[in-house]
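I opened my notebook to go through this chain one spot at a time. Here is the view I worked from, with my entries below.

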Amino acid sequence: MRYAQGGGLTNAERTTRERLRLQAVGRFEGGQKNAEIAAALRISVRSVERWRRAWRESGEAGVLSKGSPGRPRLSVAQIARLERELERGPLAHGWADQRWTLARIKTLIGRLFHVSYTLEGTWRLLRRHGWSWQQPTRRAIERDDDAVQVWKKETWPRVRAPRRSATPGSSSRTRPGSRWLRRTPRPGAGSARPRS
């Protein structure tokens, strides 16, 4: 059985798969051959061989499900402690600024609990417990909001570039207005003047 793209089995699928292995164990004890078991259970012969080997080495315990490989590695108490430490802020843990990054939180988890997470695993853990990504506001400490408002109302309208006119433009850089055919009378055109 091939696993779905991007992950393993759900709990229900894992239970169904374990039930198949236990049925195979009953057939092993009955003396059936691998090919017969595979045909009866509609699985591959290689899976039956692998299950038989596990059954010989560890008995029935060898074919039981090991559970989800992606289960959380921190206990409820550890997660509560992690949240308290995150609330204290990065400065309390030796970083130079007040920004929590995934790398810093991953390091903090390692220091506190001696458990290693990937950056993606750290993000999933945080998201699962209600934490979200935040964009810090970047604003100068010296900023004067009143002066900014005055500038927007008084200075900006005076320095802003005027809008372009609504007349048709040109598609040529060298001949402005060549986009539209214009007929302008040339001097001397249309009148019959004798040449001198």
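**Entry 1: Arg42.** I looked up Arg42 and found that it counts as exposed, at 77% relative accessibility. My cut-offs are under 20% relative accessible area for buried, over 50% for exposed, and partly exposed in between, with a 1.4 Å probe and protein chains only. Arg42 lies in the loop between H2 and H3. Its phi is near 60°, a positive value in a residue other than glycine.

**A note on what I am reading.** This is a predicted model, in which local features need pLDDT of at least 70 and side-chain atom pairs count only at pLDDT 80 or more, while totals for chains, interfaces and linings use all residues. Residues are numbered from 1 along each chain as its sequence is written, and side-chain values use heavy atoms, with hydrogens and water left out.

**Entry 2: His114.** Which loop holds His114? I found His114 in the loop between helix H5 (102-113) and helix H6 (119-128). His114 has a positive phi of about 55° although it is not a glycine. I noted this because most residues other than glycine have a negative phi. Is His114 buried or exposed? His114 is exposed, with a relative accessible area of 71%.

**Entry 3: the chain as a whole.** I listed seven helices and zero strands. Helices (H or I, at least four residues) and strands (E, at least two) are DSSP runs, numbered from the N terminus. Along the sequence the pattern reads α-α-α-α-α-α-α. Of the 196 residues in the chain, 21% are buried.

**Entry 4: helix H2.** Which residues of H2 (residues 34-41) are buried? I got Asn34, Ile37, Ala38 and Leu41. Seen down the axis of H2, these buried residues fall within an arc of 100°, so they line one face of the helix. That arc is taken from the directions from the helix axis to the C-beta atoms. On the other side of H2, I found Ala35 and Ala39 exposed. For Ala35 the relative accessibility is 51%. I also checked Ala35 against Glu49: they are 14 residues apart in sequence and 9.2 Å apart in space, C-alpha to C-alpha.

**Entry 5: the arginines of a positive patch.** Arg46, Arg50, Arg53 and Arg56 gather in a patch of positive charge on the surface. For patches I used residues with over 30% relative accessible area and no salt bridge, joining like charges within 9 Å and nonpolar side chains (Val, Leu, Ile, Met, Phe, Trp, Tyr) within 5 Å. A salt bridge is a side-chain nitrogen of Lys or Arg within 4 Å of a carboxyl oxygen of Asp or Glu. Lys and Arg count as positive and Asp and Glu as negative, with His and the chain ends not counted; each charge is placed at NZ of Lys, CZ of Arg, CG of Asp or CD of Glu.

Arg50 sits in helix H3 (residues 45-58) and is partly exposed, with a relative accessible area of 43%. Arg56 is in helix H3 and counts as exposed, at 63% relative accessibility.

**Entry 6: a nonpolar patch.** Trp151, Trp156 and Val159 make a nonpolar surface patch of about 320 Å². The areas come from the Shrake-Rupley method with a 1.4 Å probe; for residues, only the protein chains shown count as cover. Val159 lies in helix H7 (residues 145-159) and is exposed, with a relative accessible area of 54%.
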